[in-house]
Amino acid sequence: MKKCVVALTLVASFGSAEPSRELLYPGGAPGAKGEGPEHEPALTWYPAPAEGNTGIAVVICPGGGYGALAMGHEGHDIAKWLNGFGVTGVILEYRMSRGGYRHPVPLQDAQRAIRTVRASAAARGVNPSKIGIMGFSAGGHLTSTALTHFDNGDAGAADAIGKAGCRPDFGILCYPVIALGEPFTHRGSQENLLGKDADEALVRSLSSEKQVTAETPPTFIFQTDEDAGVPAENAVAFYLALRKAKVPAEIHVFQKGHHGIGLGQSIEGTRAWPPLLQHWILQR
């Protein structure tokens, strides 16, 4: 209990730093189908204030069914909240079906985001071994994909970003889409990512609960029982897979709350999830 009180005090002690937005691929995104925001993935950096900087950074993947991005309550609000206890928030605007992109493009963008944070860690006040990824809804599926599909970088790459590994050090899943090809799958997300007639092997490879191994990073999961958009079976399936692989994990399933609640501060009981996550991040 004492640790939780200290952690909550941090939120009131530190203010948010000024954010800055930059293109994920300054020289042009590979495979771009056009020009404009839908074809130019980007990162918005919310650097942790110098006083109290923990060196931790979190790449944030807003939800939107792989067709849109909930940049407010699942992006900017989350980054500001992370800043409140000394964590750098990095919002990823990844490509998706609205711009004509399907797998593997969103995953490539997420991997590139992790590489970028790691390659620029020293200049950004970030510890390169304390970089996590966090996602909401379909952004949670993208996060779970990054947690189960990663590499150590390309030593022969021309730049530091390409040389950096893309394995996250930890993951955070918020009412996530996880399973594909199952009765409880969020069909809109699956079809936006893979199309309506995707190969069965491809579907399985991106059904994240089937891809967990002992190398999957430690993960925190938050879900609500009332969520009718993305049923709790998704979150629970991923947790059970982590448990089977002996990966450190924590799951919280609250009774109240519709899908897409973000920080959920107006929901009695469920609004406890942010301080629980804060404690989990800091005690790691």
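**View 1. Cys-174 and the cysteine sulfur closest to that of Cys-174**. The sulfur of Cys-174 lies 11 Å from the closest cysteine sulfur, which belongs to Cys-61, and this is too far for a bond. In this predicted model, local features need pLDDT of at least 70 and side-chain atom pairs count only at pLDDT 80 or more, whereas totals for chains, interfaces and linings use all residues. Residues are numbered from 1 along each chain as its sequence is written, and side-chain values use heavy atoms, with hydrogens and water left out. Cys-174 counts as buried because its relative accessibility is 0% (buried means under 20% relative accessible area, exposed over 50%, partly exposed in between, with a 1.4 Å probe and protein chains only). The structure holds zero disulfides, a disulfide being a pair of cysteine sulfur atoms within 2.5 Å. Cys-166 is likewise in no disulfide, the nearest cysteine sulfur being that of Cys-61 at 13 Å, and with 1% relative accessibility Cys-166 counts as buried.

**View 2. The open sheet of eight strands**. The strands follow the order S1-S2-S4-S3-S5-S6-S7-S8 with mixed pairing, where strands are DSSP runs (E, at least two residues) numbered from the N terminus and two of them pair if DSSP finds at least two bridges between them. Strands S1 (20–23) and S8 stand at the edges, each with a single partner strand, so one side of each is left without a neighbour in the sheet.

**View 3. The pairing of S2 with S4**. Strand S2 (residues 42–46) pairs with strand S4 (residues 87–93) in the antiparallel sense over five bridges, and Thr-44 stands opposite Ile-91 in S4.

Conventions: Helices (H or I, at least four residues) and strands (E, at least two) are DSSP runs, numbered from the N terminus.
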